[in-house]
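Subject: Structure for your review

Dear colleague,

Please find below the structure that I am handing over to you, followed by an account of what was found in it. I would be grateful if you would read the two side by side.

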Amino acid sequence: MKLVGMVDPGRGSGRRQVMIGVAVDGRVTPLTDVDDFYTDLPHWLERARAVRHGTVPLAEVSLAPPVPASARVLCVGLNYRAHAAEGGFRAPEHPTVFGRWTASLSVSGVPVPVPANEPGLDWEGEVAAVVGARLCDADEREAEAAVLGYAVFNDLTARTAQKLTAQWTLGKNADLSGPIGTVVTADEAGSLADGLRLVTRVNGEVVQDGNTRDMIFGVPELLSRISATLTLHPGDVIATGTPEGVGYVRTPPRLLRSGDVVEVEVDRLGTLRTPVADASARSGA
């Protein structure tokens, strides 16, 4: 089952309301407000499973991130051994977790502006896990059962800002720099431990070609460890890290500039396409 965030097509010029819809064969059936959806997931998932045909062409839908504004977006750094090594880091003994705000999230097709003080943005193709049940000090079995689904994610990074200090928050929250795709439910996506291929392309050229089976910390362990400190809630997002092949470690460094297009494709989850714009595009962010 594929779940999309969409701007309510029945609402006019008032407050922007995001709904969750079910995508079937290139069409979407709206279900309910995004907050209602994650407040009563069992009910709405049952309704979603009953949808057999979409009512609105997907091409006519205005997409939105498929998680509530209250969601925590927790990203895991250095979670592939080869990626840690290419940056000169040892494989971590504990997950390196940093935060994004939902305000930084975007969707496929939306241009991402390069901040004025950056030579470009770096790509980090990833898989994001979306939490589907409350988790507090959960064991790994409970954590795995609580995964609603997975989505393609691109943790686009402002490296200049990121490297100013040991804290990564600023460089990981540039405007619109967290595009996220459709949520494919876990029963359809399968386990990341079984291996999903992840390919990132820049202007059609493959720059990353990894597999989720190479992650240091799998999703059940990540959720379990995180839930030991903070309670996770339905709609929270865990971005699970990127494989090797990022731009800043290359000689010379290669970064995304205005006019570039980056695509992240993951088996069973689809493709996320992001054009890059110059700093002037920030006025609409």
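**The sheet and its edge**

Val199 has Asp209 as its bridge partner in β15. Please bear in mind that the model is a predicted one. Strand β14, which covers residues 197-202, is joined to β15 by 6 bridges, and the two run antiparallel. Both strands belong to an open sheet of 5 strands with mixed pairing, in the order β9-β18-β17-β14-β15. The edges of this sheet are formed by β9 (112-113) and β15, each of which pairs on one side only. As background, strands of a sheet pair through backbone hydrogen bonds, and they may do so in parallel or antiparallel fashion.

**Asn211**

Strand β15 spans residues 205-211 and includes Asn211. Is Asn211 buried or exposed? Its relative accessible area is 14%, and buried means under 20%, so Asn211 is buried. A polar atom of the Asn211 side chain lies 3.0 Å from the backbone nitrogen of Arg213. Leaving aside residues up to four places away in sequence, Asn211 touches Tyr80, Gly195, Leu196 and Arg197.

**The annotated domain**

An unreviewed UniProt entry places the feature "domain: Fumarylacetoacetase-like C-terminal" at residues 73-276. Over residues 73-276, the chain is 14% helix and 31% strand.

Leu31 is found in strand β3, which runs over residues 27-33. With a relative accessible area of 14%, Leu31 is buried. Leu31 and Met19 are 12 residues apart along the chain, and their C-alpha atoms are separated by 6.9 Å. Residues up to four places away in sequence again being left out, the residues that Leu31 touches include Met19, Ile20, Gly21, Val22 and Phe37. Trp44, Arg47, Ala48 and Val51 are also among them.

Rings of Phe, Tyr and Trp count as a pair if their centres lie within 6.5 Å, and the count by this rule comes to 2 aromatic pairs. One of them is formed by Phe37 and Tyr38: the ring centres are 5.1 Å apart and the planes stand at 85°, so this pair is edge-to-face. Phe37 has 0% relative accessibility and therefore counts as buried. Tyr38 is likewise buried, at a relative accessible area of 6%.

Yours sincerely,

A colleague

Definitions and conventions:
Residues are numbered from 1 along each chain as its sequence is written. This is a predicted model: local features need pLDDT of at least 70, side-chain atom pairs count only at pLDDT 80 or more; totals for chains, interfaces and linings use all residues. Side-chain values use heavy atoms; hydrogens and water are left out. Rings of Phe, Tyr and Trp (its six-membered ring) pair if their centres lie within 6.5 Å; planes under 30 degrees apart count as stacked, over 60 as edge-to-face and the rest as tilted. Buried means under 20% relative accessible area, exposed over 50%, partly exposed in between (1.4 Å probe, protein chains only). Helices (H or I, at least four residues) and strands (E, at least two) are DSSP runs, numbered from the N terminus. A polar contact is a pair of N or O atoms within 3.5 Å; within protein, one must be able to donate a hydrogen and the other to accept it, and residues adjacent in sequence count only if both atoms are side-chain atoms. Contact means heavy atoms within 4.5 Å. UniProt positions are given in the numbering used here, feature names are shortened, and annotations may be inferred rather than shown by experiment. Two strands pair if DSSP finds at least two bridges between them.
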